[in-house]
Amino acid sequence: MERYVCIHGHFYQPPRENPWLEEIELQDSAHPFHDWNERITAECYGPNAHSRILGADGKIVDLVSNYSRMSFNFGATLLSWLERRDPETYEAIIAADRASREKFSGHGAALAQGYGHIIMPLANSRDKLTQVYWGMRDFEHRFGRTPEGMWLPETAVDLETLEIMADHGIRFTILAPSQASKVRLDEGGEWHDVAGGSIDPRYPYRLVLGSGKEIVLFFYDGGIAHDIAFGDVLNNGEHFAHRLVSAFDNDGPPQLVHAATDGESYGHHHRAGDMALAYCLRHIEERHLAKLTIYGEFLDKFPPVRETQIIERTSWSCIHGVERWRSDCGCNSGTPGWHQKWRAPLRGAMDWLRDTLCRVYEDGMSEYTNDPWEARNRYIDVVLQRGHRWPEADLRQVTGRSYQAPNTRVRILQLLEMQRNALLMYTSCGWFFDEVSGLETTQVIAYAARAIQLASQVAGISAEKTFLKLLERTPSNIPEYGGAAHVYLNFVKPSVLDIVKVGAHFAVSSVFEDYRDTATVYCFDIDVRSFGREEAGRHRLAAGEVLIRSRVTEEERLLGFTVVYLGEYNLTGGVRELEAAGELGSANEEISEAFQRSDPGAAIGLVTKFFGEGTYTLWDMFRDEQRHVLSNLLSSTLDDVEITLRQVKDHHYSLLSVLKQRGVPLPKILSRIVESICEADLLQGMEEGEAGLTRIREAVAERERWSLSLDRTVVGFAVSRTINRLMARLEESPDENMILKLSGEILEVIAPLNLRLDIWQAQNICFVLARRLRPGKKDRARWGSDDAQTWVESFDKLANLLGVSVN
């Protein structure tokens with residue numbers, strides 16, 4: 001009997017971008033990373049592209065791409081983020097699919113996914129079609145080939161969705177064993193009930209659809225998938241391998257043992273899970289326990305004979321079908337005492353809004369194309385080119401007609417963007433968790449708010465009032481919130497912006513930043529037509545005119561602004577739309593005169609007079625820039641506090657020493673002071689490079705002396721960042737002995753702290769240098785080169801500290 005193994009990873013994060021800025025803003029819950037995408041990339045997506053294989057001595061002996069040896073899919077919105085924010089990992093994923101085609105008989109490891117991760121059985125027919133079409137076009141754009149298979153979000157399935165997939169050439173998908181209803185071993189044979197997950201997952205199954213078309217279904221092994229996601233098999237790669245091969249029978253036709261889980265199991269949910277997967281796959285191959293394959297290859301080699309029927313409206317993460325995304329079914333994340341009664345009314349509110357926006361879209365778009373819904377499908381090609389000034393051909397491709405008038409182009413793009421946000425507001429994570437005010441649910445409500453705003457702009461209708469009334473029926477578990485209406489008004493509405501508010505951000509930030517003739521603020525291009533700044537001590541006055549253009553809708557406005565800054569967080573600015581350049585000339589002259597005669601109160605009063613309701617403060621800046629400014633303002637305060645704490649520590653150091661000698665625990669307040677200074681020295685030393693090594697060494701000694709409790713997350717992150725940065729420099733300048741020595745000394749010095757370091761990037765660089773550069777250096781050292789000998793000694797020491805084998 002031929003034995004095959006396939007592991008599938010569903011790699012996905014919900015879209016977290018601010019719908020108005022098209023970028024993810026700072027997420028404090030992901031600290032010390034900027035946001036959750038960045039954190040999970042560091043823990044999972046990056047490591048799986050270069051996973052480490054350990055030898056018997058625990059040292060790294062090889063780097064492998066898990067993606068090239070497994071089946072996988074990435075959410076389209078996640079890939080879009082990776083392309084912008086971590087192009088190295090993004091390219092490694094694309095390259096892995098190319099490499100997999102060589103390994104698996106021309107079949108690629110990557111599968112497509114429904115574009116927006118919505119629950120397909122709960123969508124209307126038009127949205128199902130768009131999700132499939134967009135998912136396929138996004139895949140083709142990135143991977144350069146047509147997808148053979150498609151992952152269904154949450155494996156949520158119904159026959160209509162499968163019909164659409166088959167109609168678009170999708171050959172197969174993957175489902176949970178509990179989603180199978182009946183099977184028969186051959187055409188015309190007797191049907192057998194397999195409800196309850198009793199289907200044999202080792203074989204592919206044909207599903208004959210109502211249209212007469214077929215699609216192949218692979219039902220993964222539920223027990224193995226559970227052990228990967230929630231058990232301990234990822235603690236040991238060899239055990240993982242034996243868990244897989246134990247599922248084979250010794251007799252019968254060729255068998256496929258396969259499991260599908262969230263890809264984040266391999267590194268994010270289970271630390272070093274990527275390494276367990278890498279070792280597992282290698283162990284299976286080296287010991288000839290089975291052949292590695294992927295679904296497309298197995299399907300070509302062994303076309304399915306067995307036939308199946310499915311249980312519609314089911315999924316892999318809700319035992320009640322798809323109720324987790326529309327009712328209080330009991331499936332949740334486990335917060336004690338919380339209900340999910342909010343799910344049904346939230347979906348009802350979204351459905352009402354969707355249907356309202358459909359009418360707006362059809363009425364508006366029918367002016368520009370004969371088929372508005374086909375235009376929406378084709379809009380994905382415009383989205384994929386986002387960031388460029390789109391040529392006329394792009395809109396002609398969408399509408400079938402040529403439009404040049406700027407106002408017409410803006411309206412068409414606004415209509416299409418309204419629909420894109422209406423699709424995103426159904427992202428499944430909005431209903432998955434426990435509370436309506438959670439990050440994921442707030443995000444989908446934000447997409448709804450953006451769609452409402454666009455509807456107002458293109459059709460002059462206000463859907464907000466009715467939408468809010470519907471949200472009032474959506475209860476929260478937090479009494480002071482009341483319900484989703486509170487979420488909308490307090491967490492979403494303040495984020496709603498237009499070009500004038502973008503201008504306000506630019507105006508306020510111009511007090512602190514030096515802008516050139518052009519600038520980019522998220523998805524807005526800014527043409528600085530005029531700008532001037534005056535300073536008087538800590539006070540500043542900035543004024544100018546800017547033309548701001550949205551890259552998304554091509555809308556543009558000419559704005560004038562004036563900002564008065566009086567130090568710290570005391571700032572007042574005014575922004576308004578201009579009909580002509582120079583319109584604010586006399587107003588700015590009056591404000592400047594008041595500023596120059598050291599009368600800031602009068603200057604602020606004039607700003608209020610000339611700009612009226614269009615006045616803004618520091619708190620109107622976007623979150624990242626606001627935090628940056630506040631950090632700068634805080635720095636001097638923190639410096640003063642640190643100086644004071646150091647004086648307290650130095651003044652009482654002899655007493656602290658006596659307490660230590662006598663075995664008397666330090667009073668908590670004194671212990672906290674010493675801990676703060678020690679931690680500050682460690683962080684500062686990491687930023688100082690070679691000059692900071694002494695500071696680091698002394699801080700570590702102080703920590704050992706006083707048995708201090710440091711913030712291990714913050715310190716570990718700082719050390720990891722420093723080592724990764726140093727090794728990146730070494731990759732560019734491998735002959736720099738100073739970098740080699742400094743990296744090794746830092747690792748040696750901080751070893752007693754026993755920190756949890758994420759230095760896989762540094763280890764990867766070291767591994768590559770050990771194979772590419774070290775042999776030549778070793779040869780030159782044998783020939784008598786002292787420099788080469790010094791390099792080899794320093795490198796080998798560093799490699800040992802990084803856990804990399806040099807042999």
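1. On the H25 side, Val-719, Thr-722, Ile-723, Leu-726, Met-727, Arg-729 and Leu-730 make the contact, and they meet Met-738, Ile-739, Leu-740, Leu-742, Ser-743, Ile-746, Leu-747 and Ile-750 of H26; contact means heavy atoms within 4.5 Å. By class, the residues of this contact are twelve nonpolar, two polar and one charged. Ala, Val, Leu, Ile, Met, Phe, Trp, Tyr, Cys and Pro count as nonpolar, Asp, Glu, Lys and Arg as charged, and the others, Gly among them, as polar.

2. A word on the model itself: it is predicted, local features need pLDDT of at least 70, side-chain atom pairs count only at pLDDT 80 or more, and totals for chains, interfaces and linings use all residues. Residues are numbered from 1 along each chain as its sequence is written, and side-chain values use heavy atoms, with hydrogens and water left out.

3. How do the axes of H25 and H26 cross? The axes of H25 (residues 712–732) and H26 (residues 737–750) come within 9 Å and cross at roughly 160°. Therefore H25 is roughly antiparallel to H26 (over 145 degrees). Axes are lines fitted to C-alpha atoms, for helices over the stretch in contact, and angles run from 0 to 180 degrees between N-to-C directions.

4. H25 also packs with H23 (residues 668–687), at an angle of about 15° and with the axes 9 Å apart. H23 is therefore roughly parallel to H25 (under 35 degrees). Glu-679, Leu-682, Leu-683, Met-686 and Glu-687 of H23 make this contact with Val-714, Val-715, Ala-718, Val-719, Arg-721, Thr-722 and Arg-725 of H25. Its residues divide into seven nonpolar, one polar and four charged.

5. A cavity is a set of points, on a 1 Å grid over the protein atoms alone, where a 1.4 Å probe fits but cannot get out; lining residues have an atom within 4 Å of a point. The largest cavity has a volume of about 80 Å³, a volume being the space filled by probe spheres set on the points, which are joined across faces, edges and corners. Of its 15 lining residues, Phe-74, Leu-79, Ala-112, Asp-138 and Phe-139 are the closest to its centre. Helix H4 gives the most to this lining, with five residues.

6. The second largest cavity has a volume of about 60 Å³. Among the residues that line it are Ile-118, Asp-127, Arg-347, Arg-354 and Tyr-426.

Technical notes
Helix = DSSP H or I, 4+ residues; strand = E, 2+ residues; numbered from the N terminus. Parallel < 35°, antiparallel > 145°, perpendicular 65-115°, else oblique. 1 Å grid on protein atoms, 1.4 Å probe; cavity = no way out; pocket = protein on both sides within 12 Å on 5 of 7 lines; lining within 4 Å.
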